[in-house]
Amino acid sequence: MAGQLVKEWTAIQQFPAATQEKLVDLLGKLKSQNVDTLTILVMGKGGVGKSSTVNSVIGERVVTVSAFQSETPRPVMVSRSRSGFTLNIIDTPGLVEGGYVSGQVLDTIKSFLGRLLLTKTIDVLLYVDRLDSYRVDDLDKQVVQAITDSFGKEIWHKAIAVLTHAQLSPPDTLSYVEFFSKRSESLLKCIRQGARISKRDAQNFAIPVALVENSGRCNKNEGDEKILPTGTPWIPNLVQTITGLALNGKGGIVIDQKLIEGPNANDRGKLFIPLILALQYLFVIKPIQKRIKDDVARETRPSWA
Ligand code: GDP
Ligand code: MG
């Protein structure tokens, strides 16, 4: 990768032995399938835990995490290599600004990808949100739509829905597993709608959901691995899901000129603005002006005048 510093992935040794063993195993599996590079793009709204998840996976504090605003002003790529295998993770700024999907942030991400990874592929998308969000709204759908418009529907063949803050206590009436399944179903439905994946096509786009708990207060098992309330160590679990997607037989998303210069949701809307203004002038303003003129011409002087 031209100009990009690829460091040795030494932090892998900071993981508990059991986690290390599983990670080395998964990397070996990738290599045995001739996959020696994996490029993961991390996207989502601000403050959902994108940067924290990048740090957790790499095993060291490589990108800035901030509690009160999305503190990633521009995309950052972290590259680590281990016995001939290279992992690239791209952390990105939140896609929502001032209540709207930011076309500018999307453009920044695309031109960043163009500079660093032209002709290379995005192999996995981590679409991050929080487990403890109780509803999805139209804005979530718009975020998905904007990603789809920028990267193509195919990106969802390579996507994992990542839910952070996984160590939550569900509302009284629900068990953890019930809460998780309701939350993931509503997020997946939102993704299908935003990406315009039809019911018939949904089988073809089986998007896995992975749970993440980035907090230092995450529970651990006897092997010192961070675990979910279900007992599953989540880091190896996430990397296993990533490996599965990388090897799912669908090609990665190629970063080419078309993708970089292509439209995103906002830009496409903007193209129509002059047209809409012209149509408004022709079909709304002009007829009104004409009727006023006609009215004025027709008006006879009132008797009192
Ligand atoms: P980003 O804007 O999506 O990159 O989000 P950050 O990673 O900067 O996280 C925003 C805030 O949420 C920070 O205060 C993090 O410490 C916190 N945070 C992120 N992930 C988790 C998580 O899984 N559990 C908990 N409890 N806090 C998290
Ligand atoms: Mg961030």
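Hi everyone, let me start with one pair of residues: Ile-40 has Ile-89 of β4 as its bridge partner. Helices (H or I, at least four residues) and strands (E, at least two) are DSSP runs, numbered from the N terminus.

A word on the source: this is a predicted model, where local features need pLDDT of at least 70, side-chain atom pairs count only at pLDDT 80 or more, and totals for chains, interfaces and linings use all residues. Residues are numbered from 1 along each chain as its sequence is written, and side-chain values use heavy atoms, without hydrogens and water.

Back to β4. Residues 85-91 make up this strand, and it runs parallel to β2, residues 37-44, with 5 bridges between them; pairing takes at least two DSSP bridges. With β3, β4 is antiparallel, joined by 7 bridges. There, Ser-81 sits opposite Thr-86 of β4. The β3-β4 hairpin has 2 residues between its strands, and Ser-83 adopts a positive phi near 35°.

Now the whole sheet: it is open and mixed, with 7 strands ordered β1-β3-β4-β2-β8-β9-β10. β1 (7-8) and β10 (209-211) each have a single partner strand, so one side of each lacks a neighbour in the sheet. Helix α2, residues 50-58, packs on the sheet and contacts (heavy atoms within 4.5 Å) β2, β3, β4, β8 and β9.

So is β4 buried or exposed? Buried, meaning under 20% relative accessible area with a 1.4 Å probe, protein chains only: 7 of its 7 residues are, so the rest of the structure largely encloses β4. Phe-85, Leu-87, Ile-89 and Asp-91 are buried on one side, Thr-86, Asn-88 and Ile-90 on the other. Thanks, everyone!

Methods. Chains lettered and ligands numbered in written order. Axes fitted to C-alpha atoms, helices over the stretch in contact; angles between N-to-C directions. Buried < 20%, exposed > 50% of the residue type's maximum accessible area, 1.4 Å probe, protein only.
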